[in-house]
Amino acid sequence: EARLRQVRQPSLGLANALERMEQLAGIGVAGHLPLEPHTNLTLVEDGKKGLRLEGPVNVLKLFAEMMFYSRASGIEPPFLPNASIEDVYQMLAWVHWAR
C-alpha cells in the first residue's frame, strides 16, 4: 500500500487507459468497465500474500501483457492489431506500476 502511494501513476491516467482499451478491444459481455478512479483501484487483503489490487485495472494489465508479448513474439496478427506501439507501452506502464 505504501509503495502504491509513493510511486507516481503512469502518465496515461487509469480512466483514460481503460477508455482507450475499450476503443481498441470493444465492449465485452460484462459491459463498460467502470471509469471512475475510486472504483478502479481497490486494495483487498489476500491472506498470506498481503494486499492485492482488484478491479478493472487487472483487465488492463492482462490486455497490456497480451499486446506486448504477442508483438515481442512476432505473432501475426498481434493481439489487438490496431493498437500502436505507444498504446502498448502506455498500457504496459500500468503493469509495472501495479507490481
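Predicted model: local features only at pLDDT ≥ 70, side-chain atom pairs only at ≥ 80, totals over all residues.
Figure 1. Arginine 20 belongs to helix α2 (residues 14–25) and aspartate 87 to helix α5, so the pair ties together parts that lie 67 residues apart in sequence. If you are wondering what could bring such partners together, side chains of opposite charge can pair when their charged atoms come close.

Figure 2. Aspartate 87, with a relative accessible area of 7%, is buried.

**Figure 3. Helix α2 packs on helix α5.** Their axes are 11 Å apart and meet at an angle of about 130°, and the two helices are therefore oblique to each other. The crossing of α2 and α5 is left-handed. On the α2 side, look for Leu14, Ala17, Arg20, Met21 and Leu24; they meet Asp87, Met91 and Trp94 of α5. Sorted by class, this contact has six nonpolar residues, two charged ones and no polar ones.

**Figure 4. Helix α4 also packs on helix α5.** Helix α4 covers residues 57–72 and helix α5 covers residues 85–98; their axes lie 8 Å apart, at an angle of about 125°. That angle makes α4 oblique to α5, and the crossing of these two helices is left-handed. From α4, the contact draws on Val57, Leu60, Lys61, Ala64, Glu65, Met67, Phe68 and Arg71. Helix α5 contributes Ile85, Asp87, Val88, Tyr89, Met91, Leu92, Trp94, Val95 and Ala98. How many residues of each class take part? The contact of α4 with α5 has 13 nonpolar and four charged residues, with no polar ones.

**Figure 5. Stepping back, this view places the helices within the overall fold.** The protein has five helices and two strands, and along the sequence they follow the pattern α-α-α-β-β-α-α. Of its 99 residues, 32% count as buried; aspartate 87 is one of the buried residues. Among contacts with a separation of 6 or more, 54% come from residues 24 or more positions apart.

Notes: Residues numbered from 1 in each chain as written. Heavy atoms only, no water. Axes fitted to C-alpha atoms, helices over the stretch in contact; angles between N-to-C directions. Helix = DSSP H or I, 4+ residues; strand = E, 2+ residues; numbered from the N terminus. Parallel < 35°, antiparallel > 145°, perpendicular 65-115°, else oblique. Left-handed = near helix turned anticlockwise from the far one by under 90°. Contact = heavy atoms within 4.5 Å. Nonpolar A, V, L, I, M, F, W, Y, C, P; charged D, E, K, R; others polar. Buried < 20%, exposed > 50% of the residue type's maximum accessible area, 1.4 Å probe, protein only.
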